[in-house]
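Subject: Structure handover

Hello,

Here is the structure you asked about. Please load it first, then read the notes below.

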Amino acid sequence: MPELASSLAATITGTDSPGLLNRLMESIASADAEILDLEQTVVRGQLSIGVLLGVPPRGHDLLQDRLAGACARLGLAVSMSEGVGDNPPRINRAIVTILGQPLLADHLAVTTQVIAELGGNVDRSRRLSRTPLTSLELWVSAADVTVLRPALARAAALSGFDVSVSPAGLSRLGRRLIVMDVDSTLIRDEVIEMLAAHAGCEAAVREVTERAMRGELDFAASLHQRVQLLAGLPVGVLDEVRAAVRLTPGARTLVATLRDLGLAIGVVSGGFIEVVAPLAAELGITYAHANSLEVRDGRLTGRVAGPVVDRAAKATKLREWAKAEGLPLSRTIAIGDGANDLDMLADAGLGIAFNAKPAVRASADTALNLPYLDAVLFLLGLSREEVEDAAAARADHPFGAAD
Ligand SMILES: [Mg+2]
């Protein structure tokens, strides 16, 4: 086995100013040090550099003298530690994203306690956003995602913040498919309730909806019951409802940014294609699937045309669209709030319960409980700055309008 070369780990801290790293490196250049690793952050003007330097034989003293001298001249504090070799290999890496409004020290304490108890270690971290919520990304090693994910989800739910755990690696990069539910996910409304308001049967319909979403009623049966209450509505009401639908805050930003990233996007809904398809077209969403309302003589008959889009059908669409895109399920993301989203949330590589009913929240990989759909972008590893830069770059793009 080759002998490990000696190395010097240095931590340098102080007040940041332009050109500091340049002056530090110039001061040690003649000591022939090799750069093995460098991590640098600046937090509110305070610089912190961690550097690992490969040291030539008998070169430690010279290197340490040069570095100590440079730091003294530049007003920086330095601590150095002699050793051998590179960083130990980081195995079983996972990305833990925590989000809060506000994000409290207690939330980070709870997160790191769970990580430590399960034998993991936080190697790196960075802030992703401060608005509309604060989010941090923690790079964890020695973590078993299948154990860490449910443990952190439970702890976060108890402490009142949101958390997501993803395996690090290729599945987090490159092309993916994202499939969203519509009612109470992509949009704030439940379309059937809006239709019911026109038909004057709002309370009756809402009661059936709530029971179905809590999983107390078979979805197909409940849909037939509710659609029956709409019989006789003039078909023009669909246009009125379509125009009145309100997008969830952040929905437009989410879809536009995902499009910029080249992700495939679909919406699947237990609602109605008459509302979902124009919405998908307006946002630039490729795939859309929902129930179809039967119409005769310009009025709703009270029947659904064709098979009902239920819990199983939603998961089937996720698989179908993934296949069409040539993507494995590990590269899919599903977002939904109701009981009929449970199968697709379970089947997707990452299932996100968005402001979901308790039963859904309890079984999904990840729960987002703050009402911003674009927070999903932070779970994918984008920072607020990157999202804003992308929005500025498409300022005169048809999908570039702000939420
Ligand atoms: Mg929904």
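A helix here is a DSSP run of H or I with at least four residues, a strand is a run of E with at least two, and both are numbered from the N terminus. With that convention, arginine 58 sits in the loop between strand S3 (46-54) and helix H2 (60-74). The model is predicted, so please read everything below with that in mind.

Backbone points first. Arginine 58 has a phi near 60°, a positive value in a residue other than glycine. It is exposed, with 8 other C-beta atoms within 10 Å. Asparagine 92 is also a residue other than glycine with positive phi, near 45°. Its place is the loop between strand S4 (77-84) and S5. Asparagine 92 counts as partly exposed, because it has 15 C-beta neighbours inside 10 Å.

There are cis peptide bonds to check as well. One joins glutamine 101 and proline 102, with omega about 0°. Proline 102 belongs to the loop between S5 and helix H3 (105-117). Another joins threonine 131 and proline 132, with omega about -5°. Proline 132 is in the loop between S6 and S7.

Now the overall picture. The protein has 15 helices and 15 strands. Its C-alpha trace spans about 90 × 45 × 40 Å along the principal axes. Of its 403 residues, 41% are buried. Take the contacts between residues at least 6 apart in sequence: 65% of them join residues at least 24 apart.

The chain is divided into domain 1 (6-84), domain 2 (94-168) and domain 3 (177-191 + 232-393). The C-alpha centres of domain 2 and domain 3 are 26 Å apart. Their contact takes 18 residues from domain 2 and 14 residues from domain 3. On the domain 2 side, at least two residues each come from strand S5 (94-100), strand S6 (121-129), strand S7 (134-141), helix H4 (145-159) and strand S8 (162-167).

Where does the largest nonpolar core lie? It has 97 residues, and those touching the most other members are Val96, Val179, Val267, Val276, Ile352, Ala375 and Val376. Domain 2 (94-168) and domain 3 (177-191 + 232-393) both give residues to this core, so it lies between them. Apart from it lies another core, of 15 residues, including Leu8, Ile12, Val51 and Leu53. In general, nonpolar side chains tend to be buried together in soluble globular proteins. Beyond its neighbours within four places in sequence, valine 276 contacts Val182, Val267, Ser269, Gly271, Ala288 and Ala290.

The axes of H5 (residues 191-199) and H8 (residues 237-244) come within 10 Å and cross at roughly 130°. The crossing is right-handed. Val191, Met194, Leu195 and His198 in H5 meet Val237, Val241 and Ala244 in H8.

Last, glutamate 34. It is in strand S2 (residues 34-43). Is it buried or exposed? Glutamate 34 is exposed, because 11 other C-beta atoms lie within 10 Å. Not counting residues up to four places away in sequence, it touches Leu53 and Gly54. Glutamate 34 and leucine 195 are 161 residues apart in sequence and 69 Å apart in space, C-alpha to C-alpha.

Best wishes

Terms used
Residues are numbered from 1 along each chain as its sequence is written. This is a predicted model: local features need pLDDT of at least 70, side-chain atom pairs count only at pLDDT 80 or more; totals for chains, interfaces and linings use all residues. A nonpolar core is a set of buried Ala, Val, Leu, Ile, Met, Phe, Trp, Tyr and Cys residues joined through C-beta atoms within 7 Å. A residue is buried if 20 or more other C-beta atoms lie within 10 Å of its own, exposed if 12 or fewer, and partly exposed in between; C-beta atoms are placed from the backbone. Domain bounds come from an automatic or database domain assignment. Two residues are in contact if their C-beta atoms, placed from the backbone, lie within 7 Å. Axes are lines fitted to C-alpha atoms, for helices over the stretch in contact, and angles run from 0 to 180 degrees between N-to-C directions. A crossing is left-handed if the near helix is turned anticlockwise from the far one by less than a right angle, and right-handed if clockwise.
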